[in-house]
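Trainee: Please take me through one part of this model, the ligand site.

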Amino acid sequence: MEKELQVSIDGVYYPKSQAKVSVYDHGLLYGDGIFEGIRAYDGVVFKLKEHIYRLYRSAHALMLQIPLTKEEMTQAVLETLRKNKLRDAYIRLVVTRGVGDLGLDPRKCPKPSIIIITDAISIMSSEAKEKGISTMISWIKRNSVDATTHEIKSLNYLNSVLAKIEATENGVDEAICLDKNGFVSEGVGENLFIVKNGKIYTPPSSTGALAGITAQVTVKLAENLGYNVIETNITPFQLFTADEAFFTGTAAEIVPIREVNKRQIGNGRPGRVTKKLMAAFQKVIADPAEGVPIYS
Ligand code: PXG
């Protein structure tokens, strides 16, 4: 039998089937915790430093004291990957408030739990990448910046889960969320960009969107290709009438959007700028300098 994947919980390895947390963990009881979704390509963890920094920024916002330094956390991630002899992987790094009592007061949780899952990746279909995906704007508004905003990558993902359910129930590939003012925010786990008259636009984090690391890479690639990326509010109308639209995210990488609420985007096929960025992105992930090596 193949050896089970090992999951690290507070520095101890458990086989996948035995990796469990307490029912008193406030991550479960209240969604009180944070996470990162990270990928390793061919033995290199892509943008690991950026993900670790974002994790600690999320923790700071929650006043959650992670009991490891950033360097120790980095080493813990790399060690888990080595333990599982992985080169291409999906890494789910979770820090919960930890075990407490049934009240929501975080002071009752003396020690955060650190969970590191490294597993095989389920990649987006090549058809999605080649043809683009269908999307719909959901009735679920992105949580606003004065609520449980997705700027914090917290364990509160019901906002995205509800939008995802709606998309699935309606037979489309992915949902898009607006902010409370009606401006386009992001996908359920992806940032959104549009292209219009040779310019690239993306919503600001004031719409409650996460500052995506893939988005950050994409902006840099676009600038290297001579495009201006403008962070500004985008209306549903501007999205419907864009020349091109695409999502960015750790899981999705860059994926073209061919349809929004049955409105065809551009000519309904991945656009020229999108395709250029997708090609450039494939080069970046193959560059060992863009990440941290697992085996060195
Ligand atoms: N917005 C939200 C709300 C996200 O959760 C992104 C944008 C894209 O950010 P990055 O940094 O990945 O470019 C995310 C990312 C998962 C999973 O398993 C979720 C994300 C990433 C990877 C895996 O649900 N969310």
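How many residues of the shell around the ligand are nonpolar, how many polar and how many charged?

Mentor: This is a predicted model: local features need pLDDT of at least 70, side-chain atom pairs count only at pLDDT 80 or more, and totals for chains, interfaces and linings use all residues. Residues are numbered from 1 along each chain as its sequence is written, and side-chain values use heavy atoms, with hydrogens and water left out.

The shell divides into 5 nonpolar, 8 polar and 5 charged residues. Here Ala, Val, Leu, Ile, Met, Phe, Trp, Tyr, Cys and Pro count as nonpolar, Asp, Glu, Lys and Arg as charged, and the others, Gly among them, as polar. In all, 18 residues surround the ligand, each with a heavy atom within 4 Å of it. The closest are R92, Y157, E186, T214 and T250.

Now the polar contacts (pairs of N or O atoms within 3.5 Å). R92 places a polar side-chain atom 2.7 Å from a ligand oxygen. For Y157, a side-chain N or O atom is 2.4 Å from an oxygen atom of the ligand. E186 faces a nitrogen atom of the ligand instead, with a side-chain N or O atom at 2.7 Å. Taken alone, the ligand exposes 530 Å², and the protein buries 88% of that (Shrake-Rupley method, 1.4 Å probe).

Where does the shell come from? Domain 1 (6-119) and domain 2 (126-285) each give at least three residues; these bounds come from an automatic or database domain assignment.

Key: Polar contact = N/O pair within 3.5 Å; in protein donor to acceptor, adjacent residues only side chain to side chain.
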